[in-house]
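Dear colleague,

Please find the structure below, with its sequence. My notes on it follow directly after.

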Amino acid sequence: MPKLNSATDLEKFRQRILTHRDPNKVSVAICSGTGCHAYGSEKVAEAFVDEIERNGLRGKVDIRRTGCHGFCERGTIVVIFPEEICYLRVKPEDVPEIISTTLVEKKLVDRLLYEDGNGQKIVHEGEIPFYKHQNRIVFGNNRLIDPKSLDDYIALGGYSALAKALFRMTPEQVLEEVKEANLRGRGGGGFPAGIKWETTRNAPGEIKYVIVNADEGDPGAYMDRSLLEGNPHSVLEGLLIGAYAIGSHQGFVYVRQEYPLAVENLDIALGQAREYGLLDKNILGSGFDFDVMVHRGAGAFVSGESSALMTAIEGRVGEPRPKYIRSAVSGIWERPSNLNNVETWATVPLIINKGVDWFRGIGTEGSKGTKIFSLVGKVNNTGLVEVPMGMTLREVIFDIGGGIPKGKKFKAVQTGGPSGGCVPESFLDLPIDFDELAKAGSMMGSGGMIVMDEDTCMVDLARYFLNFLAEESCGKCVPGREGIYQMLKILNRICEGKGKEGDIELLEEISEVVRDASLCALGGTAPNPVLSTIRYFRDEYEAHIKEKRCPAGVCKALISYYINPEKCQACLICLRDCPVNAITGGKNLVHAIDQDKCIKCGTCLEVCPTRFDAVVKLSGVAVPEPVAEGTEVVRKRGGKK
Amino acid sequence: MSEVTLTINDKEVKAKQGMTILEAAQGIGIDIPTLCYHKKLTPYGACRLCTVEIVRGQRSRLVTSCVYLVEDGLIVKTESEPVIKIRKMLLEMMWARAPGVQVIRDYGIRYGISRTKFEIEPNFCILCGLCVRYCAEVKKKNAIGFIGRGTEREVMFFPEIASEECPKCGECFPLCPTGVLPSNYALARVPHFTWELNPFATGNKVKET
């Protein structure tokens, strides 16, 4: 492939790809994102290759291993174009049927289709409620391209925004566009990207850097991963445009080593871009030089903090710097360095191509465009969702997410990862944007959204996040190290039933100091999970401390399992399944739990047949004295002898 | 180098541009507490005791004075209420790690603290990093460094370098605010010593319950 030397070359190349592609040709897209990969998507893909060969369809059907489609709950996802037939939970053994029924006979395999609550089957991917309510401007191309193919990206108009910027716009114009679009950083803080770019551009110094922050580390969040795995060129194109606007000739991608597929696809994309003249010297013949280095992180959450990330790129331990000078002015090797998150970069080409007005038409007054969320936890449709800013939590959780499984009650949603907070049911109609979430005591963060039902203990949840932060903090400053540690100790104590009067106030007091005195944002926001749960669920904290009761029945030290002797039918199931032999009784004899032996694993409650419903979980009340050993069961009327 | 004028505790101060608030304050005899500052070393900003309040216009902000550079017209309060609140809490946290250490007790007296509300879990190292930074920046030997992160972070002599360099140097010992460094070094020289035997090893990881 000769290098593309001008915008015309790129356009000609695109036309050549398109003329070789028949839009009506059958194409099977197999989601090969990390979620589907775990379901075994590679085996499905291999089965397709084999079966197509066996049926003599080679050349008539394209197979495309795409990036993440988003509906991870129902992997492996297979979409058959041009009809856009969407099959969910596809297993390798389903493949012969799909080939013979759908590809050959042009009929549907009903059992693999999405079924809504009324038993109605939905054929097209876009009509599934999970997708229907989304606006997938950034993430939507994932399902259409093979991330390892530059041709696929170019066929969809890829790099046309770069060509437009390089040949039809000055760097200042590009900068103005991004500023005017009010693109706010998708990595957490929501700082306007255009203003950051301008600071770096105007900062003194010839050498400037642009950086992609792909050190996504929030528990349960994987949108940056999926974007980088599924559409690496879109991130690269955004980075190139930013570099042009800022006047940078060297970029870095800081990506987690734990994301092997993202690293692999990114490396392939960079290689292709260099080969085609979209990277390195004299890009598209414009005279603009730019190259990118991939820096693989060694697995530290704190390295996602901007100054720590830059220290790590310099080759030192990724710890935050104490300086009061913005990295946009003095970053890597004290040179102006502009850092943006994966999703922010991937949004840039869209703004350049479709214009400021289009972008500003999506979203709310203060937050424009869309945001990708990783919708996880106690929700029916887990996966990645991209919605316009301003959509309410209710729409995301219930319309897209399909509500709470097993008919349980919604309790709270945690947004923003460990730095974010919990928002209770009363905020369900809150429009999601940077400012509204902050007002509610949480934050947008990078887009983690963990849904919790009535079975979640909020104290335990705060404890989980603090434990994460205690392990992930660098340990450099006293509030970040000792402050988080002391808060965690108090939370542990409360969960163990040893909470004391005044613990809530002490937590609040330490929180204030940790927030105000910490060296970096990890420490500064670490109290959020605690403060927001205290704010909205103070009664739960009080129940733990005063009544030694865990309302959600989660904290093991505060719960006991008890077999109701009047209901027990001596079926022996729990007795046999108890892993520590804590259940006494026998055939025809009432079962009882030896509370001293019980490890509170909950197996007895799970296995007790629902028609008996004899095992109960108690919290905050004394366990009734067990009946005398050898007591015979009271047979239910109609029960078998 | 040009001069700036700022106000520290209602006193007008002239300072050279590029100076930190801490240095400017020290220049006029205002003592801001700190445990990780050393004039020969790059500011580190870890103990956070030197936190002060700055006011610009209507807005006030808490900053670390060992790092924050002086600005013209800046108003600094080194002993305001929020500052003292922070120092008290930090001192109590360090007290739990280094009970009985003179410098922490002295600061405690200054801020009216005579005990800590936190459980005493001593390891006598407050991770100020003076030893590590002195060895790296002044001696350029890197015989001592940090290992681990979070609550498991600790200071460690690296045997390959330490066995060569430390016997003839020892300059970091007097820098240690808690005085634990020389004893840890002595322990490291005990034959067959392993760090698991170290009575001061941090070992304060919280167990998952």
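Into which domains is chain B divided? They are domain 1 (3–79) and domain 2 (130–197), with bounds that come from an automatic or database domain assignment.

This is a predicted model, in which local features need pLDDT of at least 70 and side-chain atom pairs count only at pLDDT 80 or more, while totals for chains, interfaces and linings use all residues. Residues are numbered from 1 along each chain as its sequence is written, and chains are lettered from A and ligands numbered from 1 in the order in which they are written.

In chain B, the C-alpha centres of domain 1 and domain 2 lie 31 Å apart. Seven residues from domain 1 of chain B and seven residues from domain 2 of chain B make up their contact (C-beta atoms, placed from the backbone, within 7 Å).

Between the chains, 30 residues of chain B are in contact with 30 residues of chain A. On the chain B side, α2 (81–97) gives the largest share, eight residues; β4 (59–64) of chain B also supplies at least two. Helices are DSSP runs of H or I of at least four residues, and strands are runs of E of at least two, numbered from the N terminus.

Chain A holds an open, mixed sheet of four strands in the order β2-β1-β3-β4, where pairing requires at least two DSSP bridges between two strands. Because β2 (61–66) and β4 (85–87) of chain A each have a single partner strand, one side of each is left without a neighbour in the sheet. Strand β1 (residues 26–31) of chain A pairs with β2(A) in the parallel sense over six bridges; A:Cys31 has A:Thr66 in β2(A) as its bridge partner.

Yours sincerely

Methods: Contact = placed C-beta atoms within 7 Å.
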